[in-house]
Amino acid sequence: MAAIKLLNLFALVSAVLVVLSAGPGSVNALVASDGARVARNVRGHDAVAKRRRDASSTSTGLCKPRATSSLPVTTPASTPAPTPADLGVSTASTSPSAAPAPTTTSSSAAPSSTPSSSGNSTSGGKKWGLAWPNGDASYLSNFALPNVGYLYTWSPYLPSGLSELGIEGIPMLWGYDQVSDFQSLVVQGYANYVLGMNEPNEPSQSNMSPSDGASLWQQYINPLQSQGYKLISPACTNDQSGLDWYQQFFAACSGCHFDAIAFHAYTTDAQSVIDYATTLYNTYNLPVWITEFADQNYSGTGGQATMDEVWSFASTIINFVESTDWLEVAFPFGVMYDLQGVNTDNSLLASNGYPTSLGYTYFG
């Protein structure tokens, strides 16, 4: 019996030794194989993460314009907010004989007659527009008021539902960095008007030479005339640099078509806005659009206007716009919550999403 037990024990020990001699190799291979796969995956993830971090570190922080379904309810990042300088109005160096006279056909020949003085024939004769950085904000309908006929967004994108609100949407080619979006969106039937570049005479805005502006116009905007678009010129600021830029631009833009000339006005002197508009009209014999304006002091001296002064400024501008046939459209600046440094008494958007009292005064 003892011998049998000893024999069984010997057999058991032998079996255990066989298992132990084969087992570790398989276990170690499994661990090594999975471990290598895990390590490769981790290194690959780190590489992707690094590329993302590197890309993020070189980003300017500025977003491209987005479709209206995702436009922010603030000033659009892709279309930098305007910061014009009020350097005062000077008309001494510009006269009808000092600059080429663009026409509704070509900048190279004088018009056979003056622009129609029968008033604005589109958008039901409404002469006020929304400079709108708020995308598809639900409160847009609150601004579909009796005097409002137009809207632009400092970009080629337009909010949805404008036609139902009776508002004419106007895409803009703000500058070089919007060319691709402009080309893809602004096709036949998208809109009826197009706005040219935003303050090209200003280094902080679209910032281009008159000759470069003419090239941009000739390549991307002028051809839209054949698709039924009305073409509104680039909008310079209401100062001497703006007058000089226009003169050189129109001289360089051979064969270009324009239906109106636009400008921006930031000043505490409402009469200077009227004087500047009159100079542009007398010089170029085109209808005039004021595509931004506010009672704002950018001179660096003196304070901002009081609320009473803002009201007086508005009254003067409204009387001028409504009584001047060749002044087709005006867009007061301020339909936004962040006025980008402009005197907040110009605000046209109240916290409840409706116009302020000043907004109702402009828009009806």
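Guide: A crossover is called right-handed if, with the strands pointing away from the viewer, the path from the first strand over the helix to the second runs clockwise. Helices (H or I, at least four residues) and strands (E, at least two) are DSSP runs, numbered from the N terminus. The model here is predicted, so local features need pLDDT of at least 70 and side-chain atom pairs count only at pLDDT 80 or more, while totals for chains, interfaces and linings use all residues. Residues are numbered from 1 along each chain as its sequence is written, and side-chain values use heavy atoms, with hydrogens and water left out.

Visitor: Which elements make a right-handed β-α-β unit with β4?

Guide: Helix α4 (residues 210-221) and β5 complete that unit with β4. From β5 the chain then passes through helix α5 (residues 240-252) to β6, again in a right-handed β-α-β crossover.

Visitor: In which sense do β4 and β5 pair, and over how many bridges?

Guide: Two strands pair if DSSP finds at least two bridges between them. Strand β4 (residues 193-195) runs parallel to β5 over three bridges, with valine 194 opposite leucine 231 of β5. On β5 and strand β6 (residues 260-267) the pairing is also parallel, over four bridges, and cysteine 236 has phenylalanine 263 in β6 as its bridge partner.

Visitor: Is histidine 264 buried or exposed?

Guide: Buried means under 20% relative accessible area, exposed over 50%, and partly exposed in between (1.4 Å probe, protein chains only). Histidine 264, in strand β6, has 0% relative accessibility and therefore counts as buried. Its contacts (heavy atoms within 4.5 Å) include Tyr152, Cys236 and Glu292, leaving aside residues up to four places away in sequence.
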